Amino acid sequence: MPTNDTKQRSAQQWVVPGVAIAGGIAYLIAGIVGDDLGFGIFGLVVMVTVTVVVLAMRGRSETLKGLLDRRDERIVQLDLKATAFAGNVLIGAVLIAFVVEIARGQDGSPYGILGAIAGVAYLVSLIWLRVRE
Amino acid sequence: MRNRVRALRQERDLSQATLAAALGVSRQTINSIENGRYLPSLPLALAIARHFDLIVEEIFDADE
């Protein structure tokens with residue numbers, strides 16, 4: 001009989017493919033609404049292809065399998081570190097773009113808003129984790 | 001921190017894959033632990049110790 005933990009892990013492995021397919025559908029809808037059907041179809045095809053490749057390769061790659069089912073604590077930690085690194089790179093790029101836009105005499109948008117969102121998200125996350133852990 | 005995971009596994013004639021399956025982790029993770037590249041969490045260290053019917057201190061040594 002499957003336990004709650006098993007059910008949760010089984011459901012968890014569909015999160016990444018689900019988000020990828022949802023992103024593809026969002027691209028398609030954006031393409032239709034923005035009168036650029038080509039972009040929408042291309043975006044959907046790319047996201048579906050990525051999903052199919054990831055699902056097909058998970059039997060051959062322990063890392064992919066671990067990223068999908070979240071069972072292996074080391075791979076989960078690697079994912080968290082890689083995500084934090086990517087987030088730092090993104091925040092750095094946003095801040096540089098903000099400064100460049102200001103130097104060009106612009107108001108810094110949309111980079112100022114993006115930087116503010118990142119800052120608020122960090123603070124909320126830090127406070128939440130501080131209370132919880 | 002040193003550990004005796006490789007020695008214990010080899011004493012019992014277990015492959016990395018077999019031990020990994022028993023502990024619910026990947027073979028890469030067992031390899032990383034054996035080579036000292038990855039320090040397991042307390043729950044995983046306890047699971048390893050229980051698997052070998054030992055206590056954590058008999059497998060992991062912080063002093064060395």
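## Where the two chains meet

A salt bridge here is a side-chain nitrogen of Lys or Arg within 4 Å of a carboxyl oxygen of Asp or Glu. By that rule, the count between chain B and chain A is zero salt bridges. Keep in mind that this is a predicted model. The predictor gives the complex an ipTM of 0.87 and a pTM of 0.82. As for chain B, its average pLDDT is 94, and 97% of its residues score at least 70.

So what does the meeting place look like? Chain B brings 11 residues to the contact and chain A brings eight residues. Together the two chains bury about 840 Å² between them, with carbon and sulfur atoms giving 35% of that area. Three residues stand out on the chain B side: B:G24, B:Q28 and B:Y38 supply 54% of the area that chain B buries against chain A, more than any other three residues.

## What kind of contact it is

Polar contacts do turn up between the chains: there are 10 residue pairs of this kind between chain B and chain A, both partners being at pLDDT 80 or more. Helix 3 of chain B, residues 27-34, gives the largest share of the side that touches chain A, namely four residues. Sorted by class, that side of chain B has four nonpolar, six polar and one charged residues.

Now zoom in on B:S26, which sits in the loop between helix 2 (16-23) and helix 3 of chain B. Is B:S26 buried or exposed? With a relative accessible area of 8%, B:S26 is buried, because the cut-off for buried is under 20%.

Its side chain makes a polar contact with the side chain of B:T29, at 3.0 Å. Setting aside neighbours within four places in sequence, B:S26 is in contact with A:E62, A:D72, A:R74 and A:I75 from chain A, and with B:A20 from chain B.

## Inside helix 3 of chain B

Which residues of helix 3 of chain B are buried? They are B:T29, B:I30, B:S32, B:I33 and B:E34. On the chain A side, the buried residues of this helix pack against helix 5 (73-103). Within chain B, they pack against strand 1 (2-3), helix 1 (5-11), helix 2, helix 4 (42-51) and strand 2 (60-61). Just after helix 3, B:G36 takes a positive phi of about 75°.

Over all chains, the count comes to six salt bridges. One of them joins B:E34 to B:R6, with the closest N and O atoms 3.2 Å apart. B:E34 lies in helix 3 of chain B and B:R6 in helix 1 of chain B, so this pair ties together parts that are 28 residues apart in sequence.

Leaving out residues up to four places away in sequence, B:R9 touches B:L14, B:S15, B:Q16, B:L19, B:E34 and B:F52.

## B:V5, another residue of helix 1

B:V5 lies in helix 1 of chain B and counts as buried, at 1% relative accessibility. Which residues does B:V5 touch, not counting those up to four places away in sequence? The list is B:L19, B:I33, B:E34, B:I48, B:F52, B:I59 and B:F60. Take B:I59 from that list: B:V5 and B:I59 are 54 residues apart in sequence, yet their C-alpha atoms are 6.6 Å apart in space.

## Two salt bridges in chain A

Chain A has salt bridges as well. A:D79 pairs with A:R70, and the closest N and O atoms are 2.8 Å apart. Here A:D79 is partly exposed, with a relative accessible area of 23%, and A:R70 is partly exposed at 24%.

A:E101 pairs with A:R104, the closest N and O atoms being 3.0 Å apart. In this pair A:E101 counts as buried, at 15% relative accessibility, whereas A:R104 is exposed, with a relative accessible area of 59%.

Note on methods
Residues are numbered from 1 along each chain as its sequence is written. Chains are lettered from A and ligands numbered from 1 in the order in which they are written. Side-chain values use heavy atoms; hydrogens and water are left out. Contact means heavy atoms within 4.5 Å. Buried area is the accessible area (1.4 Å probe) that two parts lose on being put together, summed over both. A polar contact is a pair of N or O atoms within 3.5 Å; within protein, one must be able to donate a hydrogen and the other to accept it, and residues adjacent in sequence count only if both atoms are side-chain atoms. Helices (H or I, at least four residues) and strands (E, at least two) are DSSP runs, numbered from the N terminus. Ala, Val, Leu, Ile, Met, Phe, Trp, Tyr, Cys and Pro count as nonpolar, Asp, Glu, Lys and Arg as charged, and the others, Gly among them, as polar. pLDDT is the predictor's confidence in each residue, from 0 to 100. Buried means under 20% relative accessible area, exposed over 50%, partly exposed in between (1.4 Å probe, protein chains only).
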